[in-house]
Amino acid sequence: MPVKILIAGGFGVGKTTTVGAISEIAPLTTEAEMTTAGIGVNDPGVRTAKTTTTVAMDFGCVTIDRSLKLYLFGTPGQARFGFMWDDLARGALGALVVVDSSRLDDCYPAIDFFERAGLPFAVGVNAFDGRLAHDLGAIRWALAIGDHVPLVQFDARDRLSVRDALLVVLDRALDRATRERGD
């Protein structure tokens, strides 16, 4: 069974890295060199030498078991490409919102988008260099997300860590589908 999952979040949080870490195929990326127009608008933080940005989407896939294959669609992180999110979200079962704990403001638009769309999502805090700027409890409070939204720490570069974060998204989506069917 094919399942569409979105990988979303702000600029430079690790969405392309997340897709690439787990995809069984060479991921399709639409990376382009950043231009001077982005100076002062797009800040990837001090921990990166990022010189490219996703301008359309990333795509990868991973087989979970014989009956389940995930198709991963990474969204662009820059606000100017936000018009694409509605189309990318069409038909998705759930989403992983990737967060950089040192730049929490960058993920608010993604969280707001999925809350408004009613799409089940989990928040994955990317542990750059194995560390978080804040503990998960403080991050949950700052993001103003309820306990019903899973919040996990993961490493976007590590295949098993990405797998575990995606399984949380699947569990959230399954739980929601089960509740809706029971109502």
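User: What makes the contact between the side chains of aspartate 164 and arginine 163 a salt bridge?

Analyst: A salt bridge is a side-chain nitrogen of Lys or Arg within 4 Å of a carboxyl oxygen of Asp or Glu. For aspartate 164 and arginine 163 the N to O distance is 2.7 Å, so the pair meets the definition. This is a predicted model, where local features need pLDDT of at least 70, side-chain atom pairs count only at pLDDT 80 or more, and totals for chains, interfaces and linings use all residues. Residues are numbered from 1 along each chain as its sequence is written, and side-chain values use heavy atoms, with hydrogens and water left out.

User: Why is aspartate 164 called partly exposed?

Analyst: Buried means under 20% relative accessible area, exposed over 50%, and partly exposed in between (1.4 Å probe, protein chains only). Aspartate 164 has 38% relative accessibility, so it counts as partly exposed.

User: Why is arginine 157 called exposed?

Analyst: Its relative accessibility is 52%, so arginine 157 counts as exposed. Arginine 157 also forms a salt bridge with aspartate 155, with the closest N and O atoms 3.0 Å apart.

User: How many salt bridges does the structure hold?

Analyst: Seven. One of them joins arginine 179 and aspartate 175, at 3.3 Å from N to O.

User: Where do arginine 179 and aspartate 175 lie?

Analyst: Both are in helix α5 (residues 159-182), four residues apart, or about one turn of the helix. Helices (H or I, at least four residues) and strands (E, at least two) are DSSP runs, numbered from the N terminus. Elsewhere, salt bridges with shared partners link Asp100, Arg103 and Asp106 into one network.

User: How do you know that strands β4 and β5 pair?

Analyst: Two strands pair if DSSP finds at least two bridges between them. Strand β4 (residues 58-65) and strand β5 (residues 68-74) have seven, in the antiparallel sense. Threonine 63 stands opposite lysine 69 in β5. A hairpin of two residues joins β4 to β5.

User: What is the order of the strands in the open sheet?

Analyst: The six strands run β4-β5-β1-β6-β7-β8, with mixed pairing.

User: Why is one side of β4 and of β8 left without a neighbour in the sheet?

Analyst: β4 and β8 (151-154) stand at the edges, and each has a single partner strand, so one side of each has no neighbour there. For β8, strand β7 (residues 121-126) pairs with it in the parallel sense over four bridges. In that pair, asparagine 126 stands opposite phenylalanine 154 in β8.
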